[in-house]
Amino acid sequence: MADPRHARARPRTVIVGNVGRLQGGMRQLNDAQPDDGLLDVAILSPRTLRHWAALGWGVLRRKQTVPGMETYTATRVQIRSKRAQPRQLDGDLIDPGRNLTVSVRPEVLLFCVPQPATDPDLAHDAGAVGGQAGRVRETAGF
């Protein structure tokens with residue numbers, strides 16, 4: 001495996017996040033925790049349709065190692081490309097670019113909801129958490 005501090009790859013997709021689920025609830029970054037102060041990085045490098053299928057199947061089955069995907073953790077990630085690439089921020093398209101730097105600012109975001117017992121990334125049991133969050137808001141005077 002390449003040194004994550006200087007990984008040089010020709011990926012098809014790079015995902016940087018601090019929660020494990022993508023939109024629609026699909027689990028992508030198995031070990032991501034929103035409160036650990038780390039970014040989780042997935043570098044996807046499939047070359048053929050068969051590779052994409054194997055990668056998708058591995059992600060859906062929550063395998064620890066997925067063909068065509070390398071994962072790292074970091075406090076700062078810099079992605080460079082020779083030409084402008086399409087980019088997204090929280091699922092929204094942003095201007096294409098050749099460089100992207102993502103960093104963590106630990107303890108800046110205050111989570112004010114109870115952590116669900118069934119899934120620590122706060123997405124799985126959103127309905128129950130919503131009810132509990134209402135009680136937290138009332139208690140805090142919001």
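This is a predicted model: local features need pLDDT of at least 70, side-chain atom pairs count only at pLDDT 80 or more; totals for chains, interfaces and linings use all residues.

User: What is the secondary structure of the protein chain, and in what order do the elements run?

Analyst: The protein chain has 2 helices and 5 strands. From the N terminus on, these elements follow the order β-β-α-β-β-β-α.

User: What makes β1 and β2 paired strands?

Analyst: Pairing requires at least two bridges.

User: Why are β1 and β3 called edge strands?

Analyst: An open sheet is formed by 3 strands in the order β1-β2-β3, with antiparallel pairing. β1 (13-17) and β3 (69-74) each pair on one side only. From one strand to the next, the twist averages 15°.

User: How do you know that β4 and β5 pair, and what lies between them?

Analyst: Strand β4 (residues 76-89) and strand β5 (residues 92-103) share 9 bridges in the antiparallel sense; at least two are required, so the strands count as paired. I79, for instance, has L100 in β5 as its bridge partner. β4 and β5 form a hairpin with 2 residues between them, and D90 in the turn has a positive phi of about 55°.

User: Which residues form the largest nonpolar core, and what makes them one core?

Analyst: This core has 9 residues: I15, L29, A32, A42, L44, L55, V59, V66 and M69. Apart from it lies another core of 5 residues, including L39, I43, Y72 and V77. In soluble globular proteins, nonpolar side chains tend to be buried together.

User: Why is R87 said to have no salt bridge, and which side chain of opposite charge is nearest?

Analyst: R87 lies in strand β4 and is buried. The nearest side chain of opposite charge is that of D95, 6.3 Å away. A salt bridge requires a distance within 4 Å, so R87 has none.

User: Which backbone oxygens does the side chain of R87 contact, and what makes these polar contacts?

Analyst: A polar atom of the R87 side chain lies 2.8 Å from the backbone oxygen of D95. The backbone oxygen of N99 lies 2.7 Å from a polar atom of that side chain. The cut-off is 3.5 Å, so both distances fall within it.

Methods. Residues are numbered from 1 along each chain as its sequence is written. Side-chain values use heavy atoms; hydrogens and water are left out. Helices (H or I, at least four residues) and strands (E, at least two) are DSSP runs, numbered from the N terminus. Axes are lines fitted to C-alpha atoms, for helices over the stretch in contact, and angles run from 0 to 180 degrees between N-to-C directions. A nonpolar core is a set of buried Ala, Val, Leu, Ile, Met, Phe, Trp, Tyr and Cys residues joined through side-chain atoms within 4.5 Å. Buried means under 20% relative accessible area, exposed over 50%, partly exposed in between (1.4 Å probe, protein chains only). Lys and Arg count as positive and Asp and Glu as negative; His and the chain ends are not counted. A polar contact is a pair of N or O atoms within 3.5 Å; within protein, one must be able to donate a hydrogen and the other to accept it, and residues adjacent in sequence count only if both atoms are side-chain atoms.
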